Amino acid sequence: MSYTFLVTDDSSTTRAIIKRTITLSGVSVGQILEASDGLQALNKLRADKVDLLFLDLNMPNMNGLELITEMRVDSRMARIPICVVSSEATDSRREQLSELGVQGYIKKPFTPEQIRGVIQSVLTIAVAA
C-alpha cells in the first residue's frame with residue numbers, strides 16, 4: 001500500500017525538507033501534497049484521500065489549530081492522523097494538541113529521524129486501527 005501525505009507549512013523550505021524526508025523514509029509513497037496555509041490544506045483534504053497530515057500551527061489565512069478544529073467536526077476528515085511540526089513546544093500546547101487527537105508532535109528545528117519516526121509510528125497505528 002502506498003500512502004498520501006499532505007505537508008502544510010507557510011515555509012516552502014520546511015515543506016521541501018519534510019517532503020524529502022518522507023521520500024527517504026522507506027515508506028511506500030504514493031503522493032506528497034503541499035499547502036502553504038490551513039485553508040489550502042482544508043481544500044486538499046476535501047479533494048484527496050490523505051493518510052497523514054504534517055501541520056504547522058502558525059500560518060496565515062487559517063492556522064493549524066483552526067484547521068484541526070475544522071477537521072474534527074467533519075466525519076470525512078476526523079480520523080486523518082496529524083503530526084504537528086512547530087516551534088511552539090510548551091507543555092500546555094502539547095496537552096491541547098493531544099486533547100484534539102493529534103498523534104505526533106515535532107519541535108522545529110527537527111531532524112529527518114524525527115520525521116521518519118513519526119511516519120512509522122503513526123502509520124503503524126493507522127494500519128492497526
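Reader: Where does Ser25 sit in the chain?

Author: In this predicted model, Ser25 is found in the loop that lies between helix α1 (12-23) and strand β2 (29-35).

Reader: And is Ser25 buried or exposed?

Author: Ser25 has a relative accessibility of 7%, and because the cut-off for buried is under 20%, Ser25 counts as buried.

Reader: Which backbone atoms does the side chain of Ser25 reach?

Author: A polar atom of the Ser25 side chain lies 2.7 Å from the backbone oxygen of Ile22, and the side chain of Ser25 also reaches the backbone nitrogen of Val27, at 3.2 Å.

Reader: What is Ser25 in contact with, leaving aside neighbours within four places in sequence?

Author: With those neighbours left aside, Ser25 is in contact with Arg116, Ile119 and Gln120.

Reader: OK, next one: where does Glu113 lie, and is it buried or exposed?

Author: Glu113 lies in helix α5, which covers residues 112-128. Its relative accessible area is 52%, and since exposed means over 50%, Glu113 is exposed.

Reader: How far is the C-alpha atom of Glu113 from that of Thr21?

Author: Although Glu113 and Thr21 are 92 residues apart along the chain, their C-alpha atoms are separated by 8.3 Å.

Reader: Which way do the residues of β4 point?

Author: Ile82, Val84 and Ser86 point one way from β4, while Cys83 and Val85 point the other way, and the residues on both sides are buried.

Reader: Then how does β4 pair with β3, parallel or antiparallel?

Author: Strand β3 (residues 52-55) pairs with β4 in the parallel sense, over 3 bridges, and in this pairing Leu55 stands opposite Val84 of β4. Between the two strands the chain passes through helix α3 (residues 64-72), and this β-α-β crossover from β3 to β4 is right-handed.

Reader: And how many bridges join β4 to β5?

Author: There are 4 bridges joining β4 to strand β5 (residues 104-107), and these two strands run parallel. Here Cys83 stands opposite Gly104 in β5.

Reader: Which helix makes a β-α-β unit with β4 and β5?

Author: That is helix α4, residues 91-99, and the unit that it makes with β4 and β5 is right-handed.

Technical notes. Residues are numbered from 1 along each chain as its sequence is written. This is a predicted model: local features need pLDDT of at least 70, side-chain atom pairs count only at pLDDT 80 or more; totals for chains, interfaces and linings use all residues. Side-chain values use heavy atoms; hydrogens and water are left out. Buried means under 20% relative accessible area, exposed over 50%, partly exposed in between (1.4 Å probe, protein chains only). Two strands pair if DSSP finds at least two bridges between them. A crossover is right-handed if, with the strands pointing away from the viewer, the path from the first strand over the helix to the second runs clockwise. A polar contact is a pair of N or O atoms within 3.5 Å; within protein, one must be able to donate a hydrogen and the other to accept it, and residues adjacent in sequence count only if both atoms are side-chain atoms. Contact means heavy atoms within 4.5 Å.
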